[in-house]
Amino acid sequence: MSGDQVVSGGRGTGPAALRDKAAALDATDPLRHCRDLYVPADGLVAYLDGNSLGRPLRATAQRITNLVAHDWGTRLIRSWDEQWMDLPLRLGDRIGEVCLGAAAGQTVVGDSTTVMLYKLLRAAVAAAGPERPEIVVDTENFPTDRYVAQGIADETGARLVWVEPDPAKGVTPDLVEAALTERTGVVLLSHVAYKSAWIADLPEITRRLHDAGALVLWDLCHSVGVVPSDLDEHDVDLAVGCTYKFLGGGPGAPAFGYVAARHHERLRQPIQGWMGHAEPFVMGPDYRPGAGMRGFISGTPPVLGMVGIEDTVDLIESVGLDAVRDKAARLGRFVIESVDELLAGHGVRVTSPLVDEQRGGHVTLAHPRFREVYRELWAQDVVPDFREPDGIRLGLSPLSTSYAEVAEALVRIEALLSAG
């Protein structure tokens, strides 16, 4: 089951019982030790927006301090030769190895999600050529994805083909395949839907697109670090994802781009900058792209924005991505069961998939009063997200989120609805 519906069968479990259940789950949580690794947030009751901005690790705070005092403050420009020049490639390989199932030499870090998305989609459209001028994108995709696709269509004369999925179910292989023609060049989709958390069938959709002769560009912003994607195994062409959600890179941390090695010679990204040159310090009159992923870099990488990513990647590697995924599924199930027990009587609807295998790292609940409830929760230091028109999105970042936080948020939602 999935969808926009009231979860039936509420048993009327009260706040005390829900808090007790959460405490018992926290006590047996195999990842419970991870919560102590994060910087304490004074006065915070519950943080359920880690799928928009992840919490910082204590190790990251120390790493940033060390960078300012030593790498920048002491070594100064020498740090470019000693470590920063290759940081976009080295960090990209770490993300690829731990989170993407990608062999080395295919992932790079360095631009905002929007810029990286533009670079890879624009390169793919050019590679598809005039015989395949259609870009397939879905109406439920994140605004940036849709806006970038629209801009590239205006720029190149490509034609946009819109897929219109059920917002509660997301894109399916059959729905995407129905939009394909012999003129389809590139298909841009999100692995996990930003509103509903629907997990698209990446392997099957990718297979069908390749059978139709099209390239696929996956947006992994809401899946990287919490849902495996196994890009190499599933023969994905291109992918983009941010690092400030489940990878804990911090506000404005740069995105990563993945380009399968088989496309390195074929694709050429459009923003030609000095750092992507084959010989950056020759500074010659003409541009010559660097080999491999070096050629997908543009300008000077934001070192201060990149330093926070590696600690979270290390933590994910230490506990295992499968364990992170399992905790995300269990947190989501706890939310859904608790809605059944505590909130269904108020008319609260779950607009995320109810089946664990179809749901990413957040659960969205809907109610006509949730805009008002959301504001009051923030005033009480309970921090979820809000999505139009009436959704409270509970981000369940597995490494930093406790069941107790989730229970407290749900109890307070119930109290606010009752008081209304």
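Q: In this predicted model, in which sense do strand 13 and strand 14 pair, and over how many bridges?
A: Strand 13 and strand 14 form a hairpin, with 3 residues between them. One of the pairings between these strands joins Asp385 to its bridge partner in strand 14, Arg393. The sense of the pairing is antiparallel, and the number of bridges is 3.

Q: Which side-chain contact do Asp385 and Arg393 make, and how far apart are the N and O atoms?
A: Arg393 is the bridge partner of Asp385 in strand 14, and both Asp385 and Arg393 are buried. Their side chains also meet in a salt bridge, with an N to O distance of 2.7 Å.

Q: Which strand is joined to strand 14 by 5 bridges?
A: Strand 14 pairs with strand 13 over 3 bridges, but another partner has to be found for the 5 bridges asked about. In this second pairing, Leu365 has Ile392 of strand 14 as its bridge partner. The strand that runs antiparallel to strand 14 here, covering residues 362-366, is strand 11.

Q: How many of the residues of strand 14 are buried?
A: Gly391, Arg393 and Gly395 point one way from strand 14, while Ile392 and Leu394 point the other way. Residues on either side are buried, and strand 14 is accordingly described as mostly covered. The count of buried residues is 5 of 5.

Q: Why does the salt bridge between Asp390 and Arg349 tie together separate parts of the chain, and how many residues apart are they?
A: Asp390 forms a salt bridge with Arg349, and the closest N and O atoms are 3.2 Å apart. Asp390 lies in the loop between strand 13 (385-387) and strand 14 (391-395), whereas Arg349 lies in strand 10 (residues 349-350), so the pair ties together parts whose separation in sequence is 41 residues.

Q: Is Asp390 buried or exposed?
A: Asp390 has a relative accessibility of 18%. Because buried means under 20% relative accessible area, Asp390 counts as buried.

Q: How many residues apart in sequence are the parts tied together by Lys195 and Glu140?
A: The side chains of Lys195 and Glu140 meet in a salt bridge of 3.0 Å, N to O. Lys195 lies in the loop between strand 6 (184-190) and helix 8 (202-211), and Glu140 lies in the loop between strand 4 (134-138) and helix 6 (143-156), so the parts that the pair ties together are apart in sequence by 55 residues.

Q: Which residues are linked with Asp26 in a network of salt bridges?
A: The salt bridges of the model come to 37, and some residues are linked by them into a network. Alongside Asp26, the residues in this network are Asp29, Arg35, Asp326, Lys327 and Arg330.

Q: Which residues gather with Asp230 in a patch of negative charge on the surface?
A: Asp230 lies in the loop between strand 7 (215-219) and strand 8 (238-241), and it is partly exposed, with a relative accessible area of 30%. Its phi is near 50°, a positive value in a residue other than glycine. The residues that gather with Asp230 in the patch are Asp232, Glu233 and Asp322.

Q: What is the phi of Leu76?
A: Leu76 is found in the loop between helix 2 (58-72) and helix 3 (78-84), and it is partly exposed, with a relative accessible area of 46%. Although Leu76 is not a glycine, its phi is positive, at about 55°.

Q: Which residue of strand 9 is the bridge partner of Asp111?
A: Strand 3 (residues 107-111) is mostly covered, with 5 of its 5 residues buried. Strand 3 and strand 9 (residues 255-259) pair in the antiparallel sense over 4 bridges. Within strand 9, the bridge partner of Asp111 is Ala255.

How values were computed
Residues are numbered from 1 along each chain as its sequence is written. This is a predicted model: local features need pLDDT of at least 70, side-chain atom pairs count only at pLDDT 80 or more; totals for chains, interfaces and linings use all residues. Side-chain values use heavy atoms; hydrogens and water are left out. Patches are made of residues with over 30% relative accessible area and no salt bridge: like charges are joined within 9 Å, nonpolar side chains (Val, Leu, Ile, Met, Phe, Trp, Tyr) within 5 Å. Accessible areas come from the Shrake-Rupley method with a 1.4 Å probe; for residues, only the protein chains shown count as cover. A salt bridge is a side-chain nitrogen of Lys or Arg within 4 Å of a carboxyl oxygen of Asp or Glu. Lys and Arg count as positive and Asp and Glu as negative; His and the chain ends are not counted. The place of a charge is taken as NZ of Lys, CZ of Arg, CG of Asp or CD of Glu. Helices (H or I, at least four residues) and strands (E, at least two) are DSSP runs, numbered from the N terminus. Buried means under 20% relative accessible area, exposed over 50%, partly exposed in between (1.4 Å probe, protein chains only). Two strands pair if DSSP finds at least two bridges between them.
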